[in-house]
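Hi everyone, thanks for making time for this one.

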Amino acid sequence: MTRSENEVAALLGKAARGAGVPALQAAQFGLAGARHLAAGRGAEDLERALGAPQMEILRFPLLLREAMFAAFKGPVSVCDADQLRLLQSYVETLPCACEVVDVTVDALKFIADVHTPAPRNAPQRITMSPEFVRKLQALSELTFVPESDGSRAGGAGAGLLDND
């Protein structure tokens, strides 16, 4: 089953929300995750990140922010032995031109040109296994409000009167 890169980013973002990640970091994870899969990197990295979102999903944007502040001085090294491929996908979503210059066992080095916007990549179709899609959908369903009169009275859905 193939989906557009935008669909994959939205589904990954919703799954991250279901895993308890704040909205901004979930959206960043969705973009990085879609880039990750589009580059042919493994879905297992994304599953691992969703299983422990405090480790990668919340930490990587902070690591990259620190690296961007240091980018004015030249190549930057951001270390994380467990998730270098996912970290590379986060680097590829930065708003400025970045070039990954070295990936070793425990470090990813990249050069960021903060004065040049990132090149636009053509959206791609991404193939995902049905099992992986089901896992993402199950996580995203954790954000749903239970269907009940009480939740409707509290503002969920179309409310008690549907005049559409």
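**A walk through the fold**

You'll find Asp-102 in strand E3, which covers residues 96–103. With a relative accessibility of 31%, Asp-102 counts as partly exposed. Before I go further, please remember that this is a predicted model.

Now let's step back to the whole chain. There are 7 helices and 5 strands. If you follow the sequence, the pattern reads β-α-α-α-α-β-α-β-β-β-α-α. The chain has 164 residues, and buried ones make up 38% of them. Take the contacts with a separation of 6 or more: 61% of them are between residues 24 or more positions apart.

Next, the helices. How do H2 and H3 pack? Their axes are 9 Å apart, at an angle of about 155 degrees. That makes H2 roughly antiparallel to H3. From H2, the residues involved are Phe-29, Gly-33, His-36 and Leu-37, and they meet Ala-43, Asp-45, Leu-46, Ala-49 and Leu-50 in H3. By class, this contact of H2 with H3 divides into 6 nonpolar residues, 2 polar and 1 charged.

H2 also meets helix H5, residues 84–91; here the axes come within 8 Å and cross at roughly 110 degrees. With that angle, H2 is roughly perpendicular to H5. On the H2 side the contact is made by Gln-28, Phe-29, Ala-32, Arg-35 and His-36, and on the H5 side by Arg-85, Leu-86, Ser-89 and Tyr-90. The classes in the contact of H2 with H5 are 4 nonpolar, 3 polar and 2 charged residues. If you have the model turned to H2, look for Phe-29 and His-36: they take part in the contact with H3, and they take part in the contact with H5 as well.

Let's stay with H3 for a moment. Which residues of H3 are buried? They are Asp-45, Leu-46, Ala-49 and Leu-50. Looking down the axis of H3, you see these buried residues within an arc of 130 degrees, so they line one face of the helix. As a reminder, an α-helix has 3.6 residues a turn, so residues three or four places apart point the same way. The cover over the buried residues of H3 includes H1, H2, H5 and H6.

That brings us to H6, residues 130–140, where Phe-132, Val-133, Leu-136 and Ser-140 are buried. Those four cover an arc of only 100 degrees around the axis, which puts them on the same side of H6. Among the elements covering them are strand E1 (2–4), helix H1 (5–18), helix H2 (23–38) and helix H3 (43–51).

Ser-140 is worth a click while you're in H6. Its relative accessible area is 8%, so Ser-140 is buried. Apart from neighbours within four places in sequence, Ser-140 is in contact with Leu-11, Lys-14 and Ala-15.

From there, hop over to Ala-9, which is in helix H1. Is Ala-9 buried or exposed? Ala-9 is buried, at a relative accessible area of 13%. Again leaving out neighbours within four places, Ala-9 is in contact with Gly-30, Leu-31 and Ala-34. Here is a distance you can check on screen: Ala-9 and Leu-37 are 28 residues apart in sequence, and their C-alpha atoms are 9.9 Å apart.

Last stop, the cysteines. How many disulfides does a search of the whole structure find? The search finds 0. The cut-off for a disulfide is sulfur atoms within 2.5 Å.

Notes. Residues are numbered from 1 along each chain as its sequence is written. This is a predicted model: local features need pLDDT of at least 70, side-chain atom pairs count only at pLDDT 80 or more; totals for chains, interfaces and linings use all residues. Side-chain values use heavy atoms; hydrogens and water are left out. Buried means under 20% relative accessible area, exposed over 50%, partly exposed in between (1.4 Å probe, protein chains only). Helices (H or I, at least four residues) and strands (E, at least two) are DSSP runs, numbered from the N terminus. The arc is that of the directions from the helix axis to the C-beta atoms. Contact means heavy atoms within 4.5 Å. Axes are lines fitted to C-alpha atoms, for helices over the stretch in contact, and angles run from 0 to 180 degrees between N-to-C directions. Angles under 35 degrees count as roughly parallel, over 145 as roughly antiparallel, 65 to 115 as roughly perpendicular and the rest as oblique. Ala, Val, Leu, Ile, Met, Phe, Trp, Tyr, Cys and Pro count as nonpolar, Asp, Glu, Lys and Arg as charged, and the others, Gly among them, as polar.
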